[in-house]
Each structure stands twice: as C-alpha cells, then as structure tokens.
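Thank you all for coming; I would like to walk through one model with you, slowly, and I will give each cut-off as we come to it. Please look at the sequence and the structure on the screen.

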Amino acid sequence: MNSELKEALEILGKERNISQEALLEAIESSLLTACKNHFGKADNCEVHIDRDTYEYSIIQKKTVVEQVTDPVLEISLADAMMIDKSAEVGDEIAFPIDSQKFGRIATQNAKGVIVQKIREEERNSLYRDFFDHEHNIMTGTVQRFHDRNVTINLGKADAILTEAEQIKGEVLHLNQRIKVYLLEVKNNPKGPRISVSRTHPDLVKRLFEQEVSEVKDGTVQIMAIAREAGSRTKMAVVSNDENVDPVGACVGVNGTRVNTVVDELGGEKIDIINWDENPAFLIENALSPSKVICVVADEDSKEATVIVPDDQLSLAIGKEGQNARLAAKLTGYKIDIKSESQAEESGLLEELGMMESEQEASEEQTEE
C-alpha cells in the first residue's frame, strides 16, 4: 500500500508540478483534520509520515488522572496501566490511533483538506513559475477581447493586455501568436494575476537579446532605449569587444536581425546608434539620421544646444518633433535645436566659437 501511495504521489506531483513534501504535508494536515472531526479536538494528536517508506502513524497523547472529565485529553489510571504498567497519575501516555475507525464525515473532510491543499500548491507553483519570468518576454496567444482589453493565453495561465499597454494602431486577431513583456505577476486566490505589455521599452531590449547572440552573451550592451510604441524606437548600444561593431551586430546581414524585431512590432522603425560617454557625441548620434554642425552640452543642467545645417532642421526635429523628443528621452538632456542661419542671426555661432576657444586655451594651460 505504501509503495502504491508513493507512486501515486509521484505521478500527481509531476502532473501538477507540486513537490512531494507539499503533498505529504497535505496528507498530514488532512489526518489531523480527521482527528479533530472524530474526537472533537486534535490538540493532543500528532501525525508523522516517514519520507522514505511513506508509512504513517497517528499518535494521541493523554494525561493520566484519577477521575476522567475529558476523555479526549485524559485517561484513567487503570486504562493507562493497561498500556504502560508503570504509569502514574500526572504522566502523559502516548498511543497509536487507528484511522480506519474514523467516520464517513471525518474522512470526507480529510479528503477536502487534501484537495484544497493541492489546489493551493498548484496556484503557488504556477505563481512561482511566472514570477521567475517577470520582466522578461513570453509568447502567447490572443484568446479573448474584453471591451478594449485583451486576454493573452501564456500556456498554463492567462494574462491581461490592457488598452494602455497595447501598441497604438495594432490590430490583434483571435488565436494570433504574439510576444509580450511580463510587467507584473501577483499572487491571487484564483491563480496568478499577470499583467503584460506590448509598449514597454524593455520589450525591444528582450527581443534583441533573443535575436542577437552578441547582446545575449554581453559582448554588445544596450545602454538606453527611448520608444514611442508603434511608431519609432531609438536604441544606443556599445561593444565590450573592439573587434565587434555594436550597431552592425544588431542590424545583422542585410538587416535580417533588426527586421525580425521590426516585424514582431508591426513595422515599428528602430534607429540603432553608438553609445558615447561624452554627452555631446551621444546627442549627435541620437539625432541621427540628421547631420549636426555642433553640440554644446551642459552636464550640470542637463541641457544642450544643437546647431544643424539649414536643410537638416526639419529632419533633426522630425515629424511632430518625434526625432528630437526621442533623442531627449534617450540621452536625458533637454535639447534645443537651431538651424545654422538661426544661430548666425542670434550670434550664437560666434558665442559658441568663443566658448570653444576658451576651452581649448584652458586645456592647453592644463597640459603645460
């Protein structure tokens, strides 16, 4: 019988992803519940299951008294001496309980405890599985539409893709397979509550980790991402190996790698630029594809002035200011973009020229 119990618990554990220890604890709890239902209380009962043989025992302890007032907790001296001839008043006598004598109600309640414990462990196991994937991406299937929210089936559990986390303009279809970013996993009495996103910047990061081996192994590092989901993303990368071009690695041969990410995001444009510790150079790179004449960045105020050729002004700003806006998000600087003619009219070019001369003179004095 013990070998059959062991085999049954092993099968159940694998099917429900529950540890053997949790199942054995559930059985122990159920037997204590049966004792409580049978005797009215179980404060003086102990249940032990051998973890190797799966043999179990139920022990009840009673205090030896001259006159019994509570038969559940007390035993007469005469009855105690039948178990232990050396028993005396005040001693505590322990003896085994035959669980087969438990009534039908006690047995049913014990079964209910086991079922409840198994369901609880299933929920906890499911929560732990998905919690381990929090802030990562998973592939799911569009299952249902609730007003403007979408239920995404992730295999063992469903996730909620709210309207705010959906890519603007993206049309999803039933049974469509999509990749989502796991924003948050909360434990819930009815199972884990999982919130996912299609707009989070880290979705782009995780997709590149999947597609670009150099990003996955750390050779190429993604330093910053600025994203307006469904429209455009700017991503700054740096290489930890001088022989590896970070931008080229992310783009791939004929754009194969970046195009895979673009396709997953429904055609969202992705600008990949070189990261630079020098904020002026980083801002210049971030304003790509426009050309830049000069950048003056103030690291204290986190503000920068950028001068571009007259014919590059609209390109630098971008449609509805998007290029400049994303560059500002990526670099963390407030960027003021001016055309060359605007800078000349305001005397800004001359002022910047004087600043550069002073800076060069200061550097020369430092070297001397």
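Which residues in H9 meet which residues in H11? Before I answer, two words on conventions. What you see is a predicted model, in which local features need a pLDDT of at least 70 and side-chain atom pairs count only at pLDDT 80 or more, whereas totals for chains, interfaces and linings use all residues. Residues are numbered from 1 along each chain as its sequence is written, and side-chain values use heavy atoms, with hydrogens and water left out.

Now the answer: Leu-282, Ile-283 and Ala-286 in H9 meet Asn-323, Ala-327, Leu-330 and Thr-331 in H11, where contact means heavy atoms within 4.5 Å. Helices here are DSSP runs of H or I with at least four residues, strands are DSSP runs of E with at least two, and both are numbered from the N terminus. The axes of H9 and H11, the latter covering residues 322-331, come within 9 Å and cross at roughly 145°; axes are lines fitted to C-alpha atoms, for helices over the stretch in contact, and angles run from 0 to 180 degrees between N-to-C directions. The crossing of H9 and H11 is right-handed, a label given when the near helix is turned clockwise from the far one by less than a right angle, anticlockwise being left-handed.

H9, which spans residues 279-286, also lies across E13, E14 and E15, running at about 125° to E13. These three strands form an open sheet in the order E13-E14-E15, with mixed pairing. Strand E13 (294-298) and strand E15 (334-339) stand at the edges with a single partner strand each, so one side of each is left without a neighbour in the sheet. From one strand to the next, the twist averages 15°. E13 pairs with E14, residues 303-308, in the antiparallel sense over five bridges, and two strands count as paired if DSSP finds at least two bridges between them. The bridge partner of Asp-298 in E14 is Glu-303.

Thr-233, in strand E11 (residues 232-239), is buried at a relative accessible area of 0%, and its contacts, leaving aside neighbours within four places in sequence, include Val-204, Ile-225 and Glu-268. Glu-228, in strand E10 (residues 220-228), counts as buried at 16% relative accessibility, and, not counting residues up to four places away in sequence, Glu-228 touches Glu-268, Gln-322, Arg-325, Leu-326 and Lys-329.

Next comes helix H2, residues 20-39, whose 20 residues at 1.5 Å a residue should span 28 Å, in agreement with the 29 Å between its end C-alpha atoms; the expected span is 1.5 Å times one less than the number of residues. Among the buried residues of H2 are Ala-22, Leu-31 and Cys-35, and H2 is followed by Gly-40, whose phi is positive, near 95°.

The structure holds zero disulfides.

Key
Disulfide = S-S within 2.5 Å. Buried < 20%, exposed > 50% of the residue type's maximum accessible area, 1.4 Å probe, protein only.
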